[in-house]
Amino acid sequence: LAAAEGEYTLTVNAATILSPEGGSGSGSAQATWTTDRTGPTSRVVPFTSRQTTATFPVSMTFADTGSGAGSYSLYVSTNNGPFVLVPGLADVPLAPGQTADTKMFTATSNRTYNFRVEARDLAGNVEVKVGTSTNAATSTGDVAAPVSQVTAVDGSGQTFVIDYSGSDTGSTTGIQSFDLFVQMTPEGQPASITEKIGTFAANPAVGGVSAGQAIYAAKADGTSYTYRFFTQARDFAGNVEVLPSQPDATATTTFAASPNLAAIGFQVSRGLRTRSFVRYLDVLFNQAETAATPVISSLWNDITLTRYPTNSGVVPNPADGKAVPLNSGMFSALDNKLTIDFGAGGLGGTPTSNSMDGYYELSMKIGTTFTKAYFYRLLGDVDGNQTVELTPPSGSPPGTTTDYVLTSTMLGLASPAGQPTVYLNSDVDGDGKVTQTDRNIINVNRGRTVTKGLKFTTPKFGLA
């Protein structure tokens with residue numbers, strides 16, 4: 001009926017039509033149609049930046065001078081592979097007059113994506129793509145949240161030792177930190193308010209898994225309590241694990257109240273293996289600190305710290321010991337825990353110097369009894385094996401890491417913003433980032449060691 005493209009209207013007026021008898025009709029009728037032989041055009045709106053989340057929007061625009069865009073299909077190429085249809089996005093209908101649409105796309109980590117859209121108009125014409133100018137490409141870094149769990153809880157005493165671990169498939173640097181939580185309720189009662197035990201820096205990953213330990217003081221009042229533990233991990237790209245709805249591990253225990261204060265737990269550097277930079281010492285007690293009964297904070301004047309040389313005998317000579325100055329500002333108490341914070345400069349105040357390397361004795365006078373804890377500091381020892389190493393010792397199993405290797409793996413990373421108390425295990429000098437300076441310190445101090453056979457205080461305040 002019409003060769004040229006466009007809108008056409010056919011009107012029939014019955015008054016001008018005569019019947020065989022010569023009479024005229026009445027009224028009129030119309031028919032409207034479009035002649036459209038040209039396909040629509042479409043494009044994917046260019047992305048302005050690299051994607052930082054696993055799910056992101058893909059926006060498209062459409063145009064058609066004839067009948068109007070009626071539907072579209074979206075395709076994607078991954079890592080320069082063939083274009084394939086995005087699941088669920090074939091022949092997506094468009095509303096009359098609609099010229100744009102946006103769909104969410106879920107990606108995986110460390111990929112490049114190129115998107116192409118093809119439209120169909122209401123006349124059935126399909127767009128013919130020429131070239132790639134209407135495509136849009138983007139890429140992802142680490143967009144996958146890590147996965148973590150509490151793997152074991154040793155509730156054999158009032159000091160719980162909590163083992164946790166996690167992995168991050170989208171990252172080459174692994175997990176940055178773990179948040180550890182507990183729900184505590186009298187046995188048989190529903191879960192109560194979730195309390196955060198603390199944020200703990202992640203030890204370097206071994207075989208893709210980063211693991212750590214935390215200590216926690218159970219309640220001691222003669223009542224049976226159930227403790228439910230779970231973790232939430234964060235990676236270096238800022239991806240945060242969804243807080244689990246169910247605990248990873250539970251423990252039900254009963255501990256009688258003790259009339260006498262005693263130390264029951266000890267931890268250096270919040271569970272990190274590093275002994276290169278030591279800022280925190282945490283001591284757990286069998287009684288809790290309250291404003292009315294400051295049983296823990298009142299101890300600070302009866303606590304001393306003594307340093308012995310790194311080459312001390314298995315039983316250090318008291319004459320070799322040197323007192324380390326302490327002051328009240330270093331001490332704080334919360335619930336059952338006493339924390340000694342040596343400040344931003346760490347133990348000794350000079351984090352790039354090995355002058356404060358040594359075997360340490362923390363002595364606490366509780367009542368008339370002296371309770372002692374032991375640990376060491378060795379500049380450059382980030383893997384906690386009492387030796388500063390560049391390469392594995394001869395005969396080491398394949399895959400054995402060293403201080404230098406661990407620091408090199410994390411080179412360029414930094415502590416999480418706003419969390420100055422969370423340190424990177426491979427941050428040799430504790431300045432909040434892993435740099436070439438850290439590797440240089442390890443190189444300069446390579447071969448330094450602490451006497452083998454020295455005893456160190458365990459998380460449950462034993463000796464090993």
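Which strand does E9 pair with over 4 bridges in the antiparallel sense? That's strand E10, made of residues 136–139. We'll come back to this pair below, but let's start with the whole chain.

## The overall picture

Keep in mind that this is a predicted model. The chain has 25 strands and 2 helices. Its radius of gyration is 35 Å, while the globule rule gives 23 Å for 464 residues, so the chain is more spread out than a compact globule. Line up a box with the principal axes, and the C-alpha atoms fill roughly 135 × 55 × 40 Å.

How much of the chain is tucked away? Of its 464 residues, 45% count as buried. The accessible surface is about 22,200 Å², and carbon and sulfur atoms make up 54% of that.

Now look at who touches whom: among contacts with a separation of 6 or more, 64% link residues 24 or more positions apart. As for charges, there are 29 positive and 37 negative ones, and their mean positions lie 9 Å apart.

## A closer look at strand E9

Strand E9 covers residues 112–121, and its side chains alternate. Tyr 113, Phe 115, Val 117, Ala 119 and Asp 121 are buried and point to one face.

In the pairing with E10, Thr 112 has Ser 139 as its bridge partner.

Terms used: Residues are numbered from 1 along each chain as its sequence is written. This is a predicted model: local features need pLDDT of at least 70, side-chain atom pairs count only at pLDDT 80 or more; totals for chains, interfaces and linings use all residues. Side-chain values use heavy atoms; hydrogens and water are left out. The radius of gyration is taken over C-alpha atoms; the globule rule is 2.2 Å times the number of residues to the power 0.38. Buried means under 20% relative accessible area, exposed over 50%, partly exposed in between (1.4 Å probe, protein chains only). Contact means heavy atoms within 4.5 Å. Accessible areas come from the Shrake-Rupley method with a 1.4 Å probe; for residues, only the protein chains shown count as cover. Lys and Arg count as positive and Asp and Glu as negative; His and the chain ends are not counted. The place of a charge is taken as NZ of Lys, CZ of Arg, CG of Asp or CD of Glu. Two strands pair if DSSP finds at least two bridges between them.
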